[in-house]
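Please consult the sequence and the structure shown here alongside the text.

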Amino acid sequence: QFETSKLLKSLPKQFFASLVKNVNRYIMDGYDVINLGQGNPDQPTPDHIIRVLQEAAKNPIHHKYSPFRGFPFLKEACAKFYEREYGVKIDHEKEVAILFGGKAGLVELPQCLLNAGDIVLVPDPGYPDYWSGVALAGAEMYTMPLKAENSFLPDFEEIPKEMEEKAKLMFINYPNNPTGATANLSFFEKTVDFANKHNICVIHDFAYGAIGFEGKKPVSYLEAVGAKEVGVEIYTLSKTYNMAGWRVGFAVGNPSVIEAIELLQDHLYVSLFGAVQEAAAAALLESQQCVEQLVDMYESRRNVLIKGLQKIGWDVTAPHGSFFAWLKVPEGYTSEQFSDLLLEKAQVAVAPGNGFGKYGEGYVRVGLLTNEERLQEAVQRIAKLSMF
Ligand code: PLP
């Protein structure tokens, strides 16, 4: 019966909540739904990581509050991970902040760096949490269209002068959710140049940093010369190690931004459960064979889905990274009409592209988040609709 705050009312509608509700209705009614709509990894966390958690949970030191900004051993592990994977040197004391998952960092950063009315450059289509962070900071968005003809990269030339001048922050994300596009080093170099020229802080969301196909390992934003001077990268263990439920991520890069996140977090929480921090460090430092297997698995699933859909006549292209395929809907349907139709007539759940922004209209996002047999079955069910 209480009136909620203006701040709460200003938040964008949580699009995925209504998607899940709709799918659940079908499941409750007894339908065998193939749910490719959400971005929830379907595989368990590797055993060696769980074993470290089990052992560490018995250590009474972890039953107390952990240090506010996280254990130094985890920050050191993050720095070693970046040096090993990307050849980027990181000062673990000044250039790493531990996060409750990538989402926390993405939502907190605008509040750390912006004042009401400031402009943020946000990709469209893009991950909706960027909008939440901007709204919580009372800032304004200028959307950068990601178009197929530009390989789903933003074109900085298209940004009006006035926005370049006013913008304080920019979100980018490769491998990209929802388009499955990847970026190369030269794009990140251009990004650093642009950010330098206009005094903009770059936030590169590297949630799918491990998942690149055809042997092409995704490039880190921090590999670009000067990247650390103008931005940070947000890494998460959610997708790389199937640890979405564990809530572990970290921000890495510009020391003044890192200090700002830590300062805000000092007011919001004490750090992660210490045993989770030990297991996270093990994930980053121990054998990465599980990651190679994961990437192979997603690539096989991608091939099954895309080849299957092409065979039934749907004109689709394969993603280069992430675990999403971004598919153009047939003529005559909006994204929502088409996804409703797939759910209703084939019990295949996908995410309508317009949920990711205006430029997502005309697409659906399909998660590679079930096994090959189920993906094949999804293709067969779609084939029966005889639409292509
Ligand atoms: N960024 C992107 C693009 C994502 O798709 C996700 C999760 O789906 C996240 C960030 C957040 O991941 P987490 O909060 O689990 O680290």
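Helices and strands are here DSSP runs, of at least four residues for helices (H or I) and at least two for strands (E), numbered from the N terminus. In these terms, Pro-125 falls in the loop between β3 (119-124) and α6 (129-136). The model under discussion is predicted.

**Domains and their interface**

The domain assignment of the protein chain gives domain 1, made of residues 6-45 + 289-383, and domain 2, made of residues 61-285. A distance of 25 Å separates the C-alpha centres of domain 1 and domain 2. Contact between the two involves 35 residues of domain 1 and 35 residues of domain 2. Between domain 1 and domain 2 an area of about 2,900 Å² is buried, and carbon and sulfur atoms give 64% of that area. On the side of domain 1, His-320, Phe-356 and Tyr-359 supply 20% of the area buried against domain 2, more than any other three residues.

The count of salt bridges between domain 1 and domain 2 is 1. Arg-302 and Glu-214 form a salt bridge in which the closest N and O atoms are 2.9 Å apart. Polar contacts across the interface of domain 1 and domain 2 amount to 13 residue pairs, with both residues at pLDDT 80 or more.

Which elements each supply at least two residues of the side of domain 1 that touches domain 2? They are α13 (289-311), β9 (324-328) and β12 (363-367). The largest share of that side of domain 1 comes from α13, with 7 residues. By residue class, the side of domain 1 that touches domain 2 divides into 19 nonpolar, 12 polar and 4 charged residues.

**A buried arginine**

Arg-381 belongs to helix α15 (residues 372-383). Is Arg-381 buried or exposed? Its relative accessible area is 14%, and Arg-381 therefore counts as buried, the limit being under 20%. Leaving aside neighbours within four places in sequence, the residues in contact with Arg-381 are Asp-32, Ile-34, Ala-346, Gln-347, Val-348 and Arg-374.

**Backbone exceptions**

Most residues other than glycine have a negative phi, and most peptide bonds are trans. The table lists sites in this chain that depart from these patterns.

| Site | Backbone feature | Value |
|---|---|---|
| Asp-124 to Pro-125 | cis peptide bond | omega near 5° |
| Tyr-174 to Pro-175 | cis peptide bond | omega about -10° |
| Phe-152 | positive phi, not a glycine | phi about 60° |
| Ser-386 | positive phi, not a glycine | phi near 50° |

Pro-175 lies in the loop between β5 (167-173) and α8 (185-198).

Phe-152 is placed in the loop between β4 (140-145) and α7 (161-166). Ser-386 is found in the segment after α15. Ser-386 counts as exposed because its relative accessibility is 62%, over the 50% limit.

Notes:
Residues are numbered from 1 along each chain as its sequence is written. This is a predicted model: local features need pLDDT of at least 70, side-chain atom pairs count only at pLDDT 80 or more; totals for chains, interfaces and linings use all residues. Side-chain values use heavy atoms; hydrogens and water are left out. Domain bounds come from an automatic or database domain assignment. Contact means heavy atoms within 4.5 Å. Buried area is the accessible area (1.4 Å probe) that two parts lose on being put together, summed over both. A salt bridge is a side-chain nitrogen of Lys or Arg within 4 Å of a carboxyl oxygen of Asp or Glu. A polar contact is a pair of N or O atoms within 3.5 Å; within protein, one must be able to donate a hydrogen and the other to accept it, and residues adjacent in sequence count only if both atoms are side-chain atoms. Ala, Val, Leu, Ile, Met, Phe, Trp, Tyr, Cys and Pro count as nonpolar, Asp, Glu, Lys and Arg as charged, and the others, Gly among them, as polar. Buried means under 20% relative accessible area, exposed over 50%, partly exposed in between (1.4 Å probe, protein chains only).
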